[in-house]
Amino acid sequence: MSDVEENPPEETEEDEETEMEEEENSSYQEREEEENPNYKRIEGDRRGEREYSSNSQRIEEEEEDYNLGYQRMGEDYNVSYRGIEEYNPNYLRIEEEEEEEGEEYNPKSQRLEEEEGREEENSNYPTVEDKDNYPLNYQKEEDAQQGSEAEDTSAGMSEELAGQAVGEEGEFATVAQEVTQTLKSMEQLLFPGAKLPKKRVSDSEVLLGSSELERLDLDQSTSVEIQSSEERVVQPGMPQDKERPEQRQQAKISYISEPSEVSDVSLVASTSEEDALFKKGDDKSKVFPLTMTWTFGWNSSLPVFNLRDGKRLVLLYVCGHTGVIYDVSSNRQHHLEGHSNVISCLCVSEDRRWVATADTGPDCLIMIWDSFTGIPVHTIFDSCPDGSGINAIAISSDAKYLATISDGRIQQVCIWKWTLAAETPACTLQLHSEYGSQNYITFNPTNAKELVSNSKTRAIYYNWLEEKNKLVHSAPLLTEKTFNKLVGKFSQSVFHLNSRQILSATKEGKLVVWDVHRPRPSAAVLSYPYIRPCKLVHLQKEGITVLTTVDSYIVTGDVKGNIKFYDSTLSIVNWYSNLQLGAIQSLSFSKTPPPSSTEKSNYPPDCTLKGDFFIVRNFLIGTSDATVYHLTTDGTKLQKLFVEPKDAICAIACHPYQPLLAVGSFCGMIKVWDYRKKIYLFSRCFEKGLGIKSLTYNPEGAILGAGFVEGTVYILDAMSLQNETAKPFRYSRSSVTHISFSHDSQYMATADLSCTVVLFHVVVRHGKRVWEYLARLCSHRKSIQSLLFGVYLDSNEPRLLSLGQDRLLIEYNLSKTTKDHLDVLDIHRTDQGGHPTCMVWYPPLTKELFLLICNSDYKVKLFNSTTKMCRKTLLGPTYGSPIEQVQLLPVKTSSDLQKRYLAFINRDKVGLQILPVDGNPHKTCAIICHPNGVSSLTLSFDGCYAFTAGGKDRSVSQWEINLSALDAAVSLGGDDLTPFYSLVTGGREGQFYRELEDYFYYSHLRSQGIDTMEPREVSEHIRLPELPFVMRAIGFYPSEEAIDNMFNEIRFGEYVDTGQLVDKINLPDFLKVYINHRPPFGTTMSEIQHSFDVLGYTNPEGKKAIRREDFLRLLQTKGEHMTQEEMVDCFSSLYGVNPEGWKSEPATSSFRGPEFSLEEELPEEITAEIFATEILGLTISEEPNADQTASEE
């Protein structure tokens, strides 16, 4: 939608304004009569009441002021909407102020005066102080303390409304009991063992209460028992008599004072206690194998919010894909878990009750949480059809509406009525790409139908025409010619305190003032509100990063760490410039207003001529260097709450026998935590440019090895982080990715991105043990995936191995290594197709010692530690990406030695695996830990916790391990072959398994001769040479190397225990071998296309192709070489020249088919599609979603 270009009409005379207001009031009454059929009847009854009422004139004025028909009017009498409309703190406060002044309140004229921008209407707007002095449940207290004179009128109106409710809302009353019972059941599920409170109701509530059954209770205190001279309950929203100011003052109560009962009709509120979140127990760790118990670090690019202040300081911030509610006083965290992508934005309601979070990425979500209980009350799925996610979010001051801006190339602004549990936005607007990426949005605090957003170059004003389901906007373009000055990049925008202007801050320290022009509804030409640049104020020298309002102040934070307060005329009132803070990233003020100044107060004076005390709320400060402060304004007390790494975290390590966790960041900071007590202990910050890439404790826990991104290696004291060597080691030219110590701490080895292994050792110099460089070797062609020390079986001497992405497993001869010469003992290739990702020593569950190696094909391979022979190939965890790092879980007691577990990470998940690995999918589990990528994994020395580092999300997650939950999942998965049947199409009774049985037993007959007349030997086994034929018959075509691995796996399966070789296999074992060796997701077209992309050339059609002669040459010279005869036989069978079965069938072994010419049959140019469909004759689908496949399995 283009910008609004219409100009507002010229100012009219006073008589024209009077006529316009009279016409509006008249049209308002006509609309009431049309939309509310009971309007006339109510007016008639009121006239009758005035005939016998002693105070008829006063009652008439009040009823006309607070029109009952207007209050009950809604869209199609929507119950939920009408219930939400009753919650309007601004309306109650405006009404009270007008009652004190003796003025009549007309909602329509009030709205018109706001749009015309009159000065005299500003006094009717509540200030921030008024908001806090009038709590949300004030209406209930006021209702309970009305004068006896108004009781007669209220009782009569209650009877009248009761009759209305029976006639108009009888259809809702029929389901009242069912809904109430359902809500009670939901309450018991959310809070087992809790007793539902009972609420006293009057007869009028019984009749009228059904209209609130679907209402979302936004009050802090959902039910308050009120006692008066005569016990009664007044329905919220009914017109009430006026009361004296002293009565109203006595009725005021705070919603944080006493816990109140929970309303039976609330769909969200389960408790009114603000501290109930940290009082209830958390039993999640007993249910799930992995439970997040703590998060270290926070996303400093997002704001930190002050949820509660006073006796308990409670913060809200984001850590990766998790929202964290942190109680500073008790040092406890509650995690808002539910997003599968990194949270991109969040906001908090004015009363700090409701929290909204949103993310970016596939399957993005918008989630609304109750901060009192930590429970998600509503989730919006498919908020962005293009899957881009949300870039900015805001919540209105009355907490009824959400506004979001998507993160796509074409951004979309949406307004959500989340309290109605709407899954689709109430209004949407697509923005032009020329507006730039809008990254900030906020509501007008006094009018939820107005918003403002900005990008770096453009500010946009929005006006929501709810009745027309339309969102109009105005986005004037600012240039240097607009003010003849440089404006700068926008940072944030807010509405001015007078609501008639908008302020936009820039990185040049300037403030753009926009006038909001609201045309009159009576204008002859239809026009919409728009904004126009009014002036450019050079507010300060430093660039403004934060712009907000609080009470009667406009507040700014800048890149120099200054925080300044201005009045409505943009005159400076006070500032904080000596706090020595980093660039201000966010400011969050307490919801509790500051107390008045007393003799004990120590508020600073403001900078005005009067020199009054500068009294403002306490607030939180978040800076760009990932530091959070709390400022107590009374006495200007600055408290540093925590300092976290401001750059990516890629290095973490646990102490070998103490509950210590070391965290290293690219910003050069190493922090050490006590992960049991959740206490920060000590840290060290290295000079600029030294980013930590790897950390490892030695087995004794005395030293900590640290590898840096520029190739430096430090050896530090584990308890002080001071250097153990005179100078750091500089023997790598690139980032040090791995550090490993030998079991006796005599050797330390490092690996870097240059594929170089560097070895250090301990020597005695002048009676002291010192570390010295020994040798280095560039032993791999591709990046080193793992570096591992071990111990020889027949001695206590250490051994060193490295595993590279070049598929090479290299062992080094430490005994023959000399200065500058690192000797290699042997080299073995581990894989043929995929590449290895990590390795670890397999625990001694058997007599044979193995190396466990994971690869990119989702396989886990066991290699004999001495011969390096592949002894087993097993299906590993399939959770969207291959395993990237694995560690053996330490045992707690000696009785656990025969039951071991592995912890692993892949691209974005952390998981557990029960040993021994056998391909059973129920013996593993995983959970998303860092959606943007996991950089490192470490385990506590007792095996109770796993820690994962999130890299760019600047966070570390602590996971409590519950092995009993994982064991229970295995039991539920079934015994013997039951878990494996689920991995084949159709299961045990499916067609695939029946065909497998037929092929298996046919192979048994074929091995004895199809045409033989001799008695047959009946057996449940087939000979080992028959195995590849059955594999190919059911659609799996293993390579010759894979077949050799199968033979070795079966042949030596019992050799260690019995000393005998196995030469046959039964059907259950065959099924396990098939499932473990086959590709987990089948053969995909992308894999074939990748091979042609590497080997082929680009033809004139733009496709990758291989010439026929090159294709035949590659088959004979690359990979597993084929002879000319083997190649001709294969193509003859593929083209149907040879008989079925060919050399695999004994009856056709002597058959000589016709001559087959490869040059004549094969096309001159072969593409991936031709090879797959015409030559192989396969129907290959696109690559499936790995996550979906894993979940199905």
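Two strands are taken to pair if DSSP finds at least two bridges between them. Helices (H or I, at least four residues) and strands (E, at least two) are DSSP runs, numbered from the N terminus. The model is predicted, so that local features need pLDDT of at least 70 and side-chain atom pairs count only at pLDDT 80 or more, whereas totals for chains, interfaces and linings use all residues. Residues are numbered from 1 along each chain as its sequence is written, and side-chain values use heavy atoms, with hydrogens and water left out.

Strand S27 is considered with its two partners. In general, strands of a sheet pair through backbone hydrogen bonds, in either a parallel or an antiparallel sense. S27 and S28 form a hairpin with three residues between them, and in the turn Ala626 has a positive phi of about 65°. Four bridges join S27 to strand S28 (residues 627-632), and the two run antiparallel. Within this pairing, Leu631 in S28 is the bridge partner of Phe619. S27 also pairs with strand S26 (residues 584-589), in the antiparallel sense and over five bridges. Here Gly622 in S27 stands opposite Ser586.

Burial was assigned from relative accessible area (buried under 20%, exposed over 50%, partly exposed in between; 1.4 Å probe, protein chains only). Because five of the five residues of strand S27 (residues 619-623) are buried, the strand is largely enclosed by the rest of the structure. Phe619, Ile621 and Thr623 point one way from S27, while Leu620 and Gly622 point the other way, and all are buried.

A further sheet is open and has three strands in the order S59-S60-S61, with antiparallel pairing. Its edge strands are S59 (1097-1098) and S61 (1165-1167), each of which pairs on one side only. Strand S60 (residues 1104-1107) is joined to S61 by three bridges, and the two run antiparallel. Ala1105 has Thr1167 in S61 as its bridge partner.

Aromatic contacts were counted between rings of Phe, Tyr and Trp (its six-membered ring) with centres within 6.5 Å; planes under 30 degrees apart count as stacked, over 60 as edge-to-face and the rest as tilted. By this rule the count comes to 40 aromatic pairs. Phe729 and Phe760 form a tilted pair, at 4.7 Å centre to centre and with 40° between the planes. This pair links distant parts of the chain, with Phe729 in strand S37 (residues 729-730) and Phe760 in strand S40 (residues 756-765), 31 residues apart. Phe729 and Phe760 are both buried. Tyr858 and Phe1081 form an edge-to-face pair, at 5.0 Å centre to centre and with 85° between the planes. Tyr858 lies in the loop between strand S47 (850-855) and strand S48 (859-864), and Phe1081 in the loop between helix H22 (1067-1077) and helix H23 (1085-1095); the pair links distant parts of the chain, 223 residues apart. Both Tyr858 and Phe1081 are buried. One aromatic cluster is formed by Tyr553, Phe565, Tyr576, Phe589, Phe614 and Phe619.

Charges over rings were also identified (NZ of Lys or CZ of Arg within 6 Å of the ring centre and within 35 degrees of the ring normal). Arg353 lies over the face of Trp354, 4.9 Å from the ring centre. The charged end of Arg1107 sits over the ring of Tyr1097, at 4.2 Å from its centre.

Backbone geometry was examined next. Most residues other than glycine have a negative phi, and most peptide bonds are trans. Leu570, a residue other than glycine, has a positive phi near 65°. Leu570 lies in the loop between strand S24 (563-566) and strand S25 (572-576), and its relative accessible area of 19% makes it buried. Asp820 is likewise not a glycine and has a positive phi of about 65°; it is found in the loop between strand S44 (808-812) and strand S45 (824-829). Leu915 and Pro916 are joined by a cis peptide bond, with omega about 0°. Pro916 lies in the loop between strand S52 (909-914) and strand S53 (924-928).

Glu1026 lies in the loop between strand S57 (1021-1023) and helix H19 (1027-1033). Glu1026 is buried, with a relative accessible area of 6%. Glu1026 and His1004 are 22 residues apart in sequence and 8.2 Å apart in space, C-alpha to C-alpha.
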